[in-house]
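Subject: The structure I promised you

Hi,

Here is the structure we talked about. Could you open it and keep it on screen while you read the rest?

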Amino acid sequence: MKIPAWSANEGARRARELFAGAFPELDGPDGVWASPGRINLIGEHVDYNGGICLPVALPHRTYVALRRREDTRLRLVSDESGAARWEGELSSVHPEAEIPAWVAYAAGVAWALQRKGHALGGFDAAVVSCVPLGAGLSSSAALECAMGLALDEVYGLGLATSPAVRAELVAACVSAENDVVGAPTGGMDQAASLLTTKDHALQLDCLTGATTQVPFDLAAQGLTILVIDTQAKHSLVDGQYGQRRAVCERVAALEGVETLRQLPDPQGTLSRLNDPEAVRRVRHVVTEIERTQEFVELLTEGEYGELGALMNASHASLRDDYEVSCAELDTAVEAARAAGAWGARMTGGGFGGSAIALIEQGNLEATMAAVDRAFVDNGWIAPRFLEATASEAGRRINEEEEAL
Ligand code: GLA
């Protein structure tokens with residue numbers, strides 16, 4: 001099954017409808033804002049190590065219809081599974097608050113913006129999304145960023161006008177996730193949702209914060225990226241992600257640097273470490289940063305034929321050294337490769353979630369069929385598919401302009 005991406009106007013219409021149904025006494029929202037999910041081409045589990053990642057925005061977005069209130073009340077409604085309606089005070093959203101996770105993602109951004117000194121009040125909001133949830137495709141960042149863009153505009157914060165100022169909005173969305181939700185993630189997803197441009201991958205240097213738009217027009221090469229949502233459980237709040245991060249931070253501290261990217265002599269560090277688990281984790285980070293640099297060089301030179309081998313090596317490293325893959329992800333990448341993919345790897349945090357395969361456009365149906373078959377053979381529920389065409393960052397949806 002393929003998960004379609006809504007057009008901007010369809011998403012906006014659905015958000016407006018949910019808003020109208022939930023808040024019939026109001027004269028509609030002030031506007032609709034949308035922000036995308038992402039895949040990461042390569043550079044996995046390196047963002048919190050000061051490394052380089054290479055995300056691409058999906059055409060799948062989360063849409064927020066929002067209206068500013070004159071008091072400090074929040075009313076939220078969402079069509080996402082497990083979510084419902086929630087009402088509370090702005091002041092009741094904070095890191096210690098006992099609130100549903102989806103509310104923490106959505107309203108946590110308001111808390112983070114306030115903490116940075118921005119004056120905000122209440123709001124009514126309706127959330128709809130076609131980003132698959134819990135699939136490792138950053139549905140949470142898409143929600144945070146769409147909320148961030150909406151709040152930025154209705155409260156006149158001016159944080160969305162250029163990539164330079166958007167960095168502050170990215171930071172607020174990361175803070176919502178780290179501080180209010182309590183997921184110790186690294187920040188790639190929010191940057192991907194707010195800083196990408198169409199037909200480009202975003203080269204994100206997590207040490208300096210520098211971003212570079214790398215041309216990524218696969219269609220011109222007759223290629224495409226098939227995303228395989230394995231439907232295996234993916235959660236970043238259950239400890240495994242945090243444990244990986246803690247090992248990296250411990251080794252960096254031991255070596256007197258802030259991040260593993262700054263190790264003066266990575267090979268020396270690896271030979272000095274006597275904890276085999278730490279060796280494997282650090283080896284992944286060090287080699288993944290090298291692979292990502294190489295990937296960007298090849299992409300810039302238009303050497304698409306060489307990319308697949310780096311994707312395969314990245315997957316092996318995540319599976320064997322970082323140990324964040326799982327049987328469903330391994331099976332998905334192997335089946336895609338056997339069906340002719342140029343390369344395939346897990347994408348995002350892992351422990352379930354999604355894989356990506358670089359394939360020839362003409363091979364799309366056959367690859368999906370091969371992955372489907374492999375899942376049936378294992379007795380697993382069917383995977384879901386989507387195509388990752390490099391899409392644009394989050395923004396306000398102006399429905400009249402879209403219709404032109
Ligand atoms: C999740 C996190 C990101 C990043 C990836 C792994 O998506 O949210 O910050 O660490 O995992 O690359």
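Below is what turned up, starting with the sheet and ending with the salt bridges.

Some ground rules before that. This is a predicted model, where local features need pLDDT of at least 70 and side-chain atom pairs count only at pLDDT 80 or more, while totals for chains, interfaces and linings use all residues. Residues are numbered from 1 along each chain as its sequence is written, and side-chain values use heavy atoms, with hydrogens and water left out.

**The sheet**

Look for an open sheet of six strands in the order β5-β4-β6-β3-β1-β13, with mixed pairing. (Strands are DSSP runs of E, at least two residues, and helices are runs of H or I, at least four, both numbered from the N terminus; two strands pair if DSSP finds at least two bridges between them.) At the edges sit β5 (85-89) and β13 (395-397), each pairing on one side only. From one strand to the next, the twist averages 25°. Angles run from 0 to 180 degrees between N-to-C directions, with axes fitted to C-alpha atoms, for helices over the stretch in contact.

Strands β1 (residues 31-40) and β3 (residues 55-68) are antiparallel partners over nine bridges, and N40 stands opposite P55 in β3. Helix α3 (residues 139-154) lies across β1, β3, β6 (123-129) and β13, at about 150° to β1.

**The two domains**

The chain splits into domain 1 (8-46 + 55-197) and domain 2 (218-388); these bounds come from an automatic or database domain assignment. How many residues of each are in contact?

Between them, about 2300 Å² is buried, and carbon and sulfur atoms give 67% of that. (Buried area is the accessible area, with a 1.4 Å probe, that two parts lose on being put together, summed over both.) I42, E44 and H45 supply 32% of what domain 1 buries against domain 2, more than any other three residues.

**Salt bridges**

A salt bridge here is a side-chain nitrogen of Lys or Arg within 4 Å of a carboxyl oxygen of Asp or Glu. The whole structure has 31, and the count between domain 1 and domain 2 is one. R345 and E44 form a salt bridge too, with their closest N and O atoms 2.9 Å apart.

Another one joins R73 and E87 (3.6 Å, N to O). R73 is in strand β4 (residues 73-78) and E87 in β5, so this pair ties together parts 14 residues apart in sequence.

Cheers

Key: Contact = heavy atoms within 4.5 Å.
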